[in-house]
Amino acid sequence: MTRLRSEDIYAIGPSMSDYDALLVRKTGRSLGKIAALAASVALASIDQRKCKVAVVPLTCGEGIIEGFSQAVAGIIAYLGFEVFMTDGTDAAGLALAVEHGADIVFQADEERFVAINFANRKTSDNSDATGRGFATAFELMCGSLSGRRVLLVGCGQVGRSAAIKMARRGAQLTVYDIDHTISSKLAEFVQRETGCRVLVGTNLDEVLLKHCLIFDASPADGFIKGRHLSAKTFIAAPGIPLGLVPGCWAQVEERTLHDPLQIGVATMLYDVCG
Ligand code: PYL
């Protein structure tokens, strides 16, 4: 999981409306609808009055990312939920969250970013939620994944979650990781969990040339190049950095889903509210 920087996230809160309009244009659905689908919950079933959210900054590890808690709160507020960022951090922040009536807490250290609902004891992990959320949005953007050949690059926690979701939606998956042991293990896991056959790619350039539907769950940047792209290319790229070389962004922008936090946080929220 690549650690976000302030410059990656400072504009998220103020630009949520524009970002949502972009999502609707590319997928036909809003952020809230995508997240509810990914969390398998009906929007109508959620009582927002029972979902007051606190975002608690944590100083552990490399410390607080300036703007991180504010960005998370901005996404949650945009979705219509009551949310506040605690004045205190760490244990003090958690206590303040409960004392000020929060039902749900969002907090992130260097290893995990989680949402916890104290009332229904539901939890959600950002990597898992991000994989499911982007796989859901990717299917909407592509029209369908059933019978479609999809390349997954990056077999970590986000890739694993996305692979399961896409396999269950009928995608014919090829998985690639720079560590071929990891990609082989993910293929075995997905086949065991879903009964779907998964191919393992060993040559990145070769598999990129052979696939139009690319799910970039890799922490690498600049490996998707112009020669890998066509008018039929669709890309889902959760998180930072983007695997697409900057000069090619304009060529696939309308068929690319990419954000540092929005879809993952929205899916976490509906995971624990549902
Ligand atoms: C959760 C993000 C998604 C991608 N990378 C993950 C990351 O940057 N993790 C570190 C988050 C640290 C937050 C810090 C704070 O401001 O509370 N502890």
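Biologist: Which aromatic cluster does Phe68 belong to?
Modeller: Phe68, Phe106 and Phe113 form one aromatic cluster. Rings of Phe, Tyr and Trp (its six-membered ring) pair if their centres lie within 6.5 Å; planes under 30 degrees apart count as stacked, over 60 as edge-to-face and the rest as tilted.

Biologist: What kind of model is this, and how are residues numbered?
Modeller: This is a predicted model, where local features need pLDDT of at least 70, side-chain atom pairs count only at pLDDT 80 or more, and totals for chains, interfaces and linings use all residues. Residues are numbered from 1 along each chain as its sequence is written, and side-chain values use heavy atoms, with hydrogens and water left out.

Biologist: Back to the rings. How many aromatic pairs are there?
Modeller: The structure has four aromatic pairs. In one of them, Phe81 and Tyr270, the ring centres are 5.9 Å apart and the planes are at 65°, so this pair is edge-to-face.

Biologist: Where do Phe81 and Tyr270 sit in the chain?
Modeller: Phe81 is in the loop between helix 4 (68-78) and strand 2 (83-85), while Tyr270 is in helix 11 (residues 262-273). The two are 189 residues apart, and their pair links distant parts of the chain. Helices (H or I, at least four residues) and strands (E, at least two) are DSSP runs, numbered from the N terminus.

Biologist: Are Phe81 and Tyr270 buried or exposed?
Modeller: Phe81 and Tyr270 are buried. Buried means under 20% relative accessible area, exposed over 50%, and partly exposed in between (1.4 Å probe, protein chains only).

Biologist: And what sort of pair do Phe138 and Phe215 make?
Modeller: Phe138 and Phe215 are edge-to-face, 6.0 Å centre to centre with 85° between the planes. Phe138 belongs to helix 6 (residues 126-142) and Phe215 to strand 9 (residues 213-216), so the pair ties together parts that are 77 residues apart in sequence. Phe138 and Phe215 are both buried.

Biologist: What lies over the face of Phe189?
Modeller: Arg160 does, at 4.1 Å from the ring centre. A charge sits over a ring if NZ of Lys or CZ of Arg is within 6 Å of the ring centre and within 35 degrees of the ring normal.

Biologist: New topic, helix packing. At what angle do helix 3 and helix 11 pack?
Modeller: Helix 3 (residues 31-38) and helix 11 pack at about 55°, and their axes are 8 Å apart. That makes helix 3 oblique to helix 11. Axes are lines fitted to C-alpha atoms, for helices over the stretch in contact, and angles run from 0 to 180 degrees between N-to-C directions. Angles under 35 degrees count as roughly parallel, over 145 as roughly antiparallel, 65 to 115 as roughly perpendicular and the rest as oblique.

Biologist: Which residues meet there?
Modeller: From helix 3, Leu31, Gly32, Ala35, Ala36 and Ala38 meet Gln262, Ile263, Ala266, Thr267 and Tyr270 of helix 11. Contact means heavy atoms within 4.5 Å.

Biologist: How does helix 3 pack with helix 6?
Modeller: Helix 3 and helix 6 have an angle of about 115° and axes 8 Å apart. The two are therefore roughly perpendicular to each other. Ile34, Leu37 and Ala38 in helix 3 meet Arg132, Gly133, Thr136, Ala137 and Leu140 in helix 6.

Biologist: Where is Thr136, and what does Thr136 touch?
Modeller: Thr136 is in helix 6. With 6% relative accessibility, Thr136 counts as buried. Not counting residues up to four places away in sequence, Thr136 touches Ile34, Leu37, Ala38 and Lys165.

Biologist: How many residues of helix 3 are buried?
Modeller: Six of the eight are buried, so helix 3 is largely enclosed by the rest of the structure. The buried residues are Leu31, Gly32, Ile34, Ala35, Ala36 and Ala38. They pack against helix 2 (16-27), helix 4, helix 6, helix 7 (157-168) and helix 11.

Biologist: What follows helix 3?
Modeller: Ser40 follows helix 3, with a positive phi near 55°.

Biologist: Last one. Where is Leu257, and what is Leu257 in contact with?
Modeller: Leu257 is in strand 11 (residues 256-259). At 2% relative accessibility, Leu257 counts as buried. Leaving aside neighbours within four places in sequence, the contacts of Leu257 include Leu23, Phe134, Phe138 and Ile235.
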